[in-house]
Amino acid sequence: MNLIAKYAITCAVFAAGFLSAAAQGDAGGSSSSSSIVRRGGASGPSRRGEQAQPGVTDRMQKHFSSESNVSDADRMWMRVIYRDLEVKNPKNAALYFPEEVIDGQENLFRILMRLLADNRVPAYEYLDGKEIFTDQYRLKVRDMLDRFHVMYSEAKGSTEKNPKFAIDESDVPANEVLSYYILEKWEFDSRTNKTRRVVEAICPVLHRSDDFGGDAVRYPMFWIRMSDIRPYLAQQYIFIDDDNNLPKYTYDDFFRLSMYDGDIYKTRNLTNRSMMQMFPDPDDRKRAQDSIQNRLDSFDKKLWVPSREEVIAAREAREAAEAAKAEAEANGADIQSRDGEGEEAAAAAAEKPVRKSARTSRGKKKSGDTKAAPKKKKSRKEAKPKAAKSSSSAVRSVRRRK
């Protein structure tokens, strides 16, 4: 009986724990509904269900945070790069499209605004020239919304310590966020002996024109750490190109696999100057950006001494390239000489018909003269014999008479 009683008590405890966990899950699901709602549809349960996102547990958050954290003892080298990702670049179009929420698909800025409105992740002030991710510079969402004139209202359950805001979908300036700044780190990990590329933070940039319709001015809005939003980005699948209409990658894959493309506008340096300040000329700045990118791409190759087989293979490849180059030059010289000979032959061929025509004309003239000459000679020969015959005949006739 004691065993049966213990078994019954144990089952009752497990059942109570299961029911309490289910109740907490229901409460969490109801409170995790998005604060960005559609106009006129906030009260409908279907609308809340469409905007609801799966929750992020502490275990999931720790998992994504541990992947990006590397001890300084394991880092042997690091380079901090700042990039500008323009959404008009086809490789970065997945950050902007779709402009509106379609079948649960939403762009990156709408995800960031929803997380900030729900007070799920922290954001930090954009400081010109430096990034400080501490509580002292943590962004106040209310001030940010007022600064960029985004309409909002107090959400249900909002408190002074935990403020939440409700923003209508049409009031989110997603169509004005036309670029992003990213803080990128290139690290050499001694554990894997490889260089890896990690996006540490991202900053949406608002492009807004004035009332007179002038050129759009850039307004960097805030910095948000990638480790804080990776669990949410891993749940949003996106389209990468038009060839495959199935979303096979997530926003987390997009940044983790470096599917983006952007220009380097700054590198961390002692003077804390941007590339534009260091290289005012656009051509010089472009050459400097290409040089930095080439050094980053070839960093791994310069770390290790090549083996004997690699040296031999490199030598053979170099000799083959030189031989191919020499053969190409020789073929080019032959082609040039043949072209020269062809030009001379063409010039000679162009002159020959003229000479032939002159000769033929001369020949025709001579042939005409020779034909005319015999006629004259015949007339002369005919005249002479007649004179001689007449004289001789007269003499003969006289002698015959005698």
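**Close-up views of a predicted model**

**View 1. A salt bridge joins the side chains of E200 and K185, with 3.3 Å from N to O.** A salt bridge here means a side-chain nitrogen of Lys or Arg within 4 Å of a carboxyl oxygen of Asp or Glu. This pair links distant parts of the chain, since E200 lies in strand β6 and K185 in strand β5, 15 residues apart. K185 counts as buried at 15% relative accessibility, while E200 counts as partly exposed at 25%. Buried means under 20% relative accessible area, exposed over 50%, and partly exposed in between (1.4 Å probe, protein chains only). Strands (E, at least two residues) and helices (H or I, at least four) are DSSP runs, numbered from the N terminus.

A word on reading these views: the model is predicted, so local features need pLDDT of at least 70 and side-chain atom pairs count only at pLDDT 80 or more, while totals for chains, interfaces and linings use all residues. Residues are numbered from 1 along each chain as its sequence is written, and side-chain values use heavy atoms, leaving out hydrogens and water.

View 2. D118 pairs with R120, their closest N and O atoms being 3.4 Å apart. Of these two, D118 is buried at 7% relative accessibility, and R120 is partly exposed at 24%. The side chains of D228 and R225 also meet in a salt bridge, at 3.2 Å from N to O. Here D228 is buried, with a relative accessible area of 12%, whereas R225 is partly exposed at 26%.

**View 3. The largest nonpolar core brings together 44 residues.** Such a core is a set of buried Ala, Val, Leu, Ile, Met, Phe, Trp, Tyr and Cys residues joined through side-chain atoms within 4.5 Å. Those with the most contacts inside it are L95, L108, M144, I202, I229 and F255. Helix α4 (108-117) is among the elements that give two or more residues, and α4 gives the most, with 8. Look for F255, which touches L85, L95, L108, I182, V199, I202, M226 and Y260, not counting residues up to four places away in sequence; contact means heavy atoms within 4.5 Å. A second, separate core of 10 residues includes Y124, L183, C203 and W223.

**View 4. Three strands form an open sheet in the order β1-β4-β3, with mixed pairing.** Strands β1 (36-37) and β3 (153-154) stand at the edges with a single partner strand each, so one side of each has no neighbour in the sheet. Two strands pair if DSSP finds at least two bridges between them. β3 and β4 (residues 165-168) pair in the antiparallel sense over 2 bridges, and the bridge partner of E154 in β4 is F165.
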